[in-house]
Amino acid sequence: MRQNSFYLFAPLGLIGLILVFLLFVTMRLEKNIEAKIFEIATSDIFSIMHNSAHSIESLLKGSEDYVQSVKKYASIQQKIEEHLNVLLTSHVKYAYLLYRDERGIFRFLGDASLNEEKSFIDQKFDVDSPEWLAIYSTKEPLIIHHTLLHQLSLSYLVPILHNNRVELILAIDFSINKIQEINRIIQTIQNGIFGMMGVIILVLLFIGIQTKRFSSIKQSAFIDKLTNVYNRNYLQKYEKLINLNEYIIAALDIDYFKKINDTYGHDAGDKILTQIAHILLQTIREGDSVIRYGGEEFLILAKVDKKSNYTASFAVIERVFHAIQTAEFFISDTKSISVSVSIGVNLLAHQAQNFQEAFKQADIALYTAKNSGKNCIQCYTNADNTSAKTPF
Amino acid sequence: MKTFFFIFTLWSLSYAEHYTFLVEPYTKEVELEAKIIYEIATASLDENIVLFIPNISPLEEKVYANYFTLTKDCERANFIFINKKEEIIECSSDKKTLFFTNNYRKFLSNKKFFGALFWNKSRPNIVFSHQRLEEKSINLPQTFQQFIENF
C-alpha cells in the first residue's frame, strides 16, 4: 500500500536515459554533419585536383622518368604551373607538385605560390608529418589534418603513378579559414540542438515539479489532518489495488467514544483520536497500514507473513489492543483517562470476493465484539457468518 | 567592501600585461623558432652560445632569452641569426662566428650562412649547405643529416 519508490525512480531513470540517448545522438549527428559539410565543401576542389593530376600524368605520358622530364623541360614546368594555379582559391592556400628523392627527401617540381613564397625546382621540402609516407603504400589520395600548424587546417594529396609506383604527389593545403567556416556552421547547428535539449530539460523539469506538487496535493487529500493517518478517500481510491491475499483486516472502534465527547467535550475526543492514531502508527510494522474510516473507527491492514501463517499479523492487532489498554490518554494537560477499544478481525480476507466484502466481514466481527461487552478482539469465522470472540 | 573590490580589479587590470596568456601578443612560431635555433646552435658550436639578432623585437628578446645568452653587440656573439630583411652585417671579430638566416634565398646567395630556418608552406624548414659546413668545420649530429644539401 505504501507508494512504491519504483514509480518515482523509473520515470527519472527513463528521463535520464532519454537525455543520455539525445546527447549520444547529438554527438553522432554532429560528426555526421561535420563529415557531410566537409564533403560538400571540398568535393569540387578534390574533383578539380583529380583532373589536374590526370592532366599532369597525360603531360608526362611516354616519358621514362617523370621527375627528370619536368626538371628538363621548361614547357612542361609551365604547363604544370598552369594546372597548379587553377587549384588556388580563397581557401586553398598552397598548391604544389612534389617528388621524393633517393634519400627519401621531398622536393618541389612545381609551386603555384608567388614571389618570395615560390619554391624552386628541386628545393627540399620538410613535410610536417610522417603521415605523408602512407601515400606510397596505399597509392590512394590522402587527407592529412593539421593540428600543430595554425595557418593550415588540412592537406589533400593525390598520387601520380608511373609503372604502378607513386612517382609524383600533387598537394594542396587548405587554410584554416575553411575549417573555421565549417566549424561556424557546426557550431550554429550545435547551439540549436543544445538549445532544443535545454528546452526539453526545462519542460521535463517543469513537468517533474508539477507532478511532485500534484502528488503532494493528492497525498494531503489522502491524509486525515487530525490523526495523520490515511483517510477514507485513500481507501476508496486504492481499495481495488489491495491484494487480499496479503493482508488481514481489522476494524477498530473506540469504546464509549460518544460518552467521552459528551463528558469531556469534542476537544478531548479529538485528543483521544490523535493519541489512538499515534499508538497505531507506533505499533504497526512496515508494510502495514492504518486508515481512519470515519468518526472513531479505524481500519488496520496487517501484512500477512506467509511463514507464520497469520500469527505475526494477528500479533500486531493484539499489540495494538494491549498498547491502548495500558496507555493513559490525556484529555487536558493534567487529566488523563483510560480508553478501551473493540476490534473485529477478518483473518479470512483472502476468501472474500473484494475488499468491501472483506471489510464487511471485519465489521461484522467488530459488531459482535461491541455486543459482547466491548474491550475485546473478535475474529470473523466463515461457519455461519458469526464471529468467534477472543476474550481478554 | 565594494570600493576595495573595485580598486583591486583596477589594480589587477593595470598589471594585466603580466598575464601573458591573457593579453600579451604571443606567437608560437617565435617559441618554435627559438627552440629550433637553440638545437642547431648547440649542435654546431661546442661553446656557450652568445646570440646576436639584429633589430631584435621585444617579444623575440623575451622568448630567446629563455634559451640563449643574448647580446646587443655582434662582436661578442658567436652565433648570429639574421631573421629580418636587413643585409648581412659585418662583424670585426676574431672569434669563430656562425651566421644563420631565416631566408632561403639569402642562404642560397650568400655563402656566409651555413644554414637557414625558414617557413615554407607554413611549415618550418631547415637547410644546411654540406660544403659550408665543411668549410666551417661543423659536424652536425646524425639527426640533422636529412637537412643537409649537397652544395
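Select A:Asp126. At 11% relative accessibility, A:Asp126 counts as buried (buried is under 20% relative accessible area, exposed over 50%, partly exposed in between, with a 1.4 Å probe and protein chains only). This is a predicted model, where local features need pLDDT of at least 70, side-chain atom pairs count only at pLDDT 80 or more, and totals for chains, interfaces and linings use all residues. Residues are numbered from 1 along each chain as its sequence is written, chains are lettered from A and ligands numbered from 1 in the order in which they are written, and side-chain values use heavy atoms, with hydrogens and water left out.

**Around A:Asp126**

Stay on this residue. A:Asp126 sits in the loop between β3 and α4 (134–138) of chain A. Helices (H or I, at least four residues) and strands (E, at least two) are DSSP runs, numbered from the N terminus.

Now show A:Lys124. Its side chain makes a polar contact with the side chain of A:Asp126, at 2.7 Å. A polar contact is a pair of N or O atoms within 3.5 Å; within protein, one must be able to donate a hydrogen and the other to accept it, and residues adjacent in sequence count only if both atoms are side-chain atoms.

Which residues of chain B does A:Asp126 touch? Select B:Arg123, B:Pro124, B:Asn125, B:Ile126 and B:Phe147: A:Asp126 touches these, not counting residues up to four places away in sequence. Contact means heavy atoms within 4.5 Å. Zoom in on B:Ile126. Its backbone nitrogen lies 2.8 Å from a polar atom of the side chain of A:Asp126.

**The interface**

Show both chains. In contact are 20 residues of chain B and 28 residues of chain A. The area buried between the two chains is about 1800 Å², and carbon and sulfur atoms give 43% of that area. Buried area is the accessible area (1.4 Å probe) that two parts lose on being put together, summed over both. Colour B:Arg105, B:Lys121 and B:Arg123: in chain B, these lose the most area to chain A, together 41% of what that side buries.

Next, select A:Asp173 with B:Arg123. Their side chains meet in a salt bridge, 2.8 Å from N to O. The count between chain B and chain A is four salt bridges (a side-chain nitrogen of Lys or Arg within 4 Å of a carboxyl oxygen of Asp or Glu). Across this interface, 16 residue pairs are in polar contact, both at pLDDT 80 or more.

Highlight α4 (104–109), β5 (113–120), β6 (123–129) and β7 (148–149) of chain B. These are the elements that give two or more residues to the side of chain B that touches chain A. β6(B) gives the most, with five residues.

**The sheet of chain B**

Seven strands of chain B form an open sheet in the order β2-β1-β3-β4-β5-β6-β7, with mixed pairing. Two strands pair if DSSP finds at least two bridges between them. Go to the edges: β2 (69–70) and β7 of chain B each have a single partner strand, so one side of each is left without a neighbour in the sheet.

Select residues 79–82 and 98–101 of chain B. These are strands β3 and β4, which pair in the parallel sense over four bridges. Click B:Phe81; its bridge partner in β4(B) is B:Phe100.

**Strands in chain A**

Bring chain A back. Its secondary structure comes to 10 helices and 14 strands. Of its 392 residues, 41% count as buried.

Select β5(A). This strand is mostly covered: 10 of its 11 residues are buried. Strand β4 (residues 142–145) of chain A pairs with β5(A) in the antiparallel sense over four bridges. There, A:Ile143 has A:Tyr156 as its bridge partner. β5(A) also pairs with β6(A), in the antiparallel sense over 10 bridges. Look for A:Leu154, which stands opposite A:Phe174 in β6(A).

**Two positive phi angles**

What is the phi of A:Asn163 in the hairpin of β5(A) and β6(A)? A:Asn163 takes a positive phi near 50°, in a hairpin that has two residues between the strands. Most residues other than glycine have a negative phi. A:Asn163 is exposed, with a relative accessible area of 68%.

Last stop: A:Asp122. This residue is not a glycine, yet it has a positive phi of about 80°. A:Asp122 lies in the loop between β2 (106–111) and β3 (124–125) of chain A. A:Asp122 is partly exposed, at 29% relative accessible area.
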